[in-house]
Amino acid sequence: MEIGQVCIKTRGREAGKKVVIISEAKAGKVLTDGPNTKRKLCNVLHLFPLMEKVNIKKDASHEEVVKALK
């Protein structure tokens, strides 16, 4: 998984929602953010990667992530 990869969360309160990876994996976790989700660390096993990828920089702001997904 890499920065800009679009995924669907499969577990937790935000299950079924789209997120974008905004930082690299550290100890099996990545920082994710999305239009209807909070920015937080997420276990990579709880993400389903899609074929989509958006062009964002590392640690992009919430507004940049929302704009890139539209």
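## A buried aspartate

Asp33 is buried, with a relative accessible area of 1%; buried means under 20% relative accessible area, exposed means over 50%, and partly exposed lies in between (1.4 Å probe, protein chains only). Asp33 forms a salt bridge with Arg39, and the closest N and O atoms of the two are 3.1 Å apart. A salt bridge here is a side-chain nitrogen of Lys or Arg within 4 Å of a carboxyl oxygen of Asp or Glu. Arg39 counts as partly exposed, at 36% relative accessibility.

This is a predicted model, in which local features need pLDDT of at least 70 and side-chain atom pairs count only at pLDDT 80 or more, while totals for chains, interfaces and linings use all residues. Residues are numbered from 1 along each chain as its sequence is written, and side-chain values use heavy atoms, with hydrogens and water left out.

## Other salt bridges

The whole structure contains 5 salt bridges. One of them joins the side chains of Lys53 and Glu2, at 2.4 Å from N to O. This pair links distant parts of the chain, since Lys53 is in strand E5 and Glu2 is in the segment before E1, 51 residues apart. Helices (H or I, at least four residues) and strands (E, at least two) are DSSP runs, numbered from the N terminus. Glu2 is partly exposed, with a relative accessible area of 43%.

The side chains of Glu64 and Lys57 also meet in a salt bridge, at 3.8 Å from N to O. Glu64 is partly exposed, with a relative accessible area of 35%, whereas Lys57 is exposed, at 52%.

Strand E3 (29–34) pairs with strand E4 (residues 37–43) in the antiparallel sense, over 5 bridges. Two strands pair if DSSP finds at least two bridges between them. E3 and E4 form a hairpin, with 2 residues between them. The bridge partner of Val30 in E4 is Cys42.

Leu31 is found in strand E3 and is buried, with a relative accessible area of 18%. Leaving aside neighbours within four places in sequence, Leu31 is in contact with Val20, Ile21, Ile22, Ser23, Arg39, Lys40, Leu41 and Asp59. Contact means heavy atoms within 4.5 Å.

## Nonpolar cores

The largest nonpolar core has 9 residues: Ile3, Val6, Val20, Ile22, Leu31, Val54, Ile56, Ala60 and Val65. A nonpolar core is a set of buried Ala, Val, Leu, Ile, Met, Phe, Trp, Tyr and Cys residues joined through side-chain atoms within 4.5 Å.

Two members of the largest core, Leu31 and Ile3, are 28 residues apart in sequence and 9.3 Å apart in space, C-alpha to C-alpha. Val6 touches Lys18, Val19, Val20, Pro49, Leu50, Glu52, Lys53, Val54 and Leu69, not counting residues up to four places away in sequence.

Gln5 lies in strand E1 (residues 5–9) and counts as buried, at 13% relative accessibility. The side chain of Gln5 reaches the backbone oxygen of Leu50 at 2.4 Å. Beyond neighbours within four places in sequence, the contacts of Gln5 are Val19, Val20, Ile21, Pro49, Leu50, Glu52 and Lys53.

Glu14 lies in the loop between E1 and E2 and counts as buried, at 10% relative accessibility. The side chain of Glu14 makes a polar contact with the side chain of Lys9, at 3.2 Å. A polar contact is a pair of N or O atoms within 3.5 Å; within protein, one must be able to donate a hydrogen and the other to accept it, and residues adjacent in sequence count only if both atoms are side-chain atoms. Not counting residues up to four places away in sequence, Glu14 touches Lys9, Thr37, Lys38 and Lys40.

## Positive phi in two loops

Ala27 has a phi near 55°, a positive value in a residue other than glycine. Ala27 is found in the loop between strand E2 (18–21) and strand E3, and is exposed, with a relative accessible area of 82%.

Asp59 has a positive phi of about 55°, although it is not a glycine. The loop that holds Asp59 runs between strand E5 (47–53) and helix H1 (62–69). Asp59 is partly exposed, with a relative accessible area of 44%.
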